[in-house]
Amino acid sequence: MQITVVGTGYVGLVTGVTFAEIGHEVICTDVDSAKIMKLSRGEVPFYEPGLQQLMVRNLQNGRLRFTTDTTDAYRFRDVICIAVGTPSRPDGAVDVSYIEQAVLEVAKAIEQYTVIVVKSTVPVGTNEQVRAMVQQHTNCPFDIVSNPEFLREGSAIHDIYHGDRIVIGADSDRAADIVTELHKPFGTPVFRTDPRSAELIKYASNAFLATKISYINEMANLCEKLGANVDAVAHGMGLDRRIGSPFLQAGLGYGGSCFPKDIRALLHMAESAQSELQLLRAVSIVNEQRPYVVLDKLKQRFSSLRNLRVAILGLSFKPNTDDIREAVSLVMMKELLKAGASLIVYDPIVNQAKGNPVLESARFAGSMKEALDWAEASIIVTEWDEIRSFPLLQYNQETLKETIIFDGRNCYALAEAERAGVEYYSVGRPAVN
Ligand code: UGA
């Protein structure tokens, strides 16, 4: 099929590249011409394992191209996927202006029956608004399909090929058939529904996953009071197939560009519809407290944080990405700086401040060892494999250092910390000291 993807952010780029990989002819467009130039040269503007290789392969075989010439890119296409950003407004509402701009341009350019697929996460009712907008600006036949995306950063390629479902929200069988056909090579089960339900499935899914995380984090707090081990509790719970083990990893809570924003949006949507989502409000409050649970442990251990040398291990909001949007590391660093601590940071991929004022106030270490060597206390914020597999025992034997670790992601077994002689405070588990 002839596909155009509008927006080369995370969802757009991964979608475009993988559609090309399964055999479609794909054009990706973006208003950012510098970005389009970079992409045309085979440079991926963010870190995502496996993406660059696939992108370069499809640029070379001619199935994928990048352009800013939207008229050409929208004119004779079977499907146009809208994957532009939908940022939060200060009140939590979603700003759909990029969607509106993109759709307007599409409406003015199309010259044959076109299926317009909305992949961006949009409030319930947006697809209907989009339909009305397009109708006003074209005489061409078209259909609008809501097709939310469920891939995770850091494992996007894997997720696309091993998805649990493809949700297609459409009023037209013709359009739903085309979008089903488009995804066929992925072999993922398809669920067809109406556009409003499809839009809500996306928010309800993210909110449910966030609820699991906040739930296990509350259990972690309780485990600390009752002397239980949250990792064992989560494992035991997850063995029940009705509960399932994913998203029961206790820690510093969820961050990133999706969960916090989508939960704010869902709360706002409910409020606008005179409905109350009490559970979700609590989920959000529990999450906001997570960094402070670990910071309090630090405050209890040291009489003052003033001039304390603290290492932050892991900056990205989760492993295998360079994304620091709504990352817990930034909240922790801000609080530590306020308390007068001196900071060194280490992340396997995020190794410069990139204009972020919080990151600019810290020194970047070249290795985890360098950060540990310098620090009096080290906080593990992101569970990168490199951090999880750090040889604590060997490190302590070699340096004879009195290492104090506050592990926000339960990277090490308690027995390992004990053997290594490390003073070790983790989440929802007894301290080792
Ligand atoms: C999330 C969803 O998982 C995707 O299905 C969805 O498509 C995406 O949002 C989106 O809306 O675009 P993502 O934000 O990339 O994906 O990352 P997740 O793996 O879901 O992690 C989110 C946060 O939860 C991270 O900060 C992670 O550290 C935290 N988390 C995750 C936990 O604290 N515990 C867990 O058990 C799992």
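The model is a predicted one, in which local features need pLDDT of at least 70 and side-chain atom pairs count only at pLDDT 80 or more, while totals for chains, interfaces and linings use all residues. Residues are numbered from 1 along each chain as its sequence is written.

Let's start with the overall layout. The chain splits into domain 1 (2-193) and domain 2 (200-433), with bounds that come from an automatic or database domain assignment. Their C-alpha centres sit 33 Å apart. Across the boundary, 18 residues of domain 1 are in contact with 19 residues of domain 2, contact meaning that the C-beta atoms, placed from the backbone, lie within 7 Å. On the domain 1 side of this boundary there are 10 nonpolar, five polar and three charged residues. Here Ala, Val, Leu, Ile, Met, Phe, Trp, Tyr, Cys and Pro count as nonpolar, Asp, Glu, Lys and Arg as charged, and the others, Gly among them, as polar.

Next comes the ligand. Both domain 1 and domain 2 give residues to the shell around the ligand, so it lies between them. There are 21 residues around the ligand, and Arg152, Glu153, Gln249, Tyr254 and Cys258 come nearest; a residue is near if its C-beta atom, placed from the backbone, lies within 6 Å. Helix 9 (residues 195-226) gives the most to this shell, with three residues. (Helices, H or I with at least four residues, and strands, E with at least two, are DSSP runs numbered from the N terminus.) By type, the shell holds 10 nonpolar, seven polar and four charged residues.

Six strands make an open sheet in the order 11-10-9-12-13-14, with parallel pairing; two strands pair if DSSP finds at least two bridges between them. Strand 11 (363-364) and strand 14 stand at the edges with a single partner strand each, so one side of each is left without a neighbour in the sheet. Five bridges link strand 9 (residues 309-313) to strand 10 (residues 342-346), and Arg309 has Ser342 as its bridge partner.

Strand 13 (residues 404-407) sends Ile404 and Phe406 one way and Ile405 and Asp407 the other, and all are buried, that is, 20 or more other C-beta atoms lie within 10 Å of their own, with C-beta atoms placed from the backbone. Strand 12 (residues 377-380) joins strand 13 through three bridges, with Ser378 partnering Ile405. Strand 13 also pairs with strand 14 (residues 423-425) over three bridges, and Phe406 stands opposite Tyr425.

Definitions and conventions. Buried ≥ 20, exposed ≤ 12 C-beta atoms within 10 Å, placed from the backbone. Contact = placed C-beta atoms within 7 Å.
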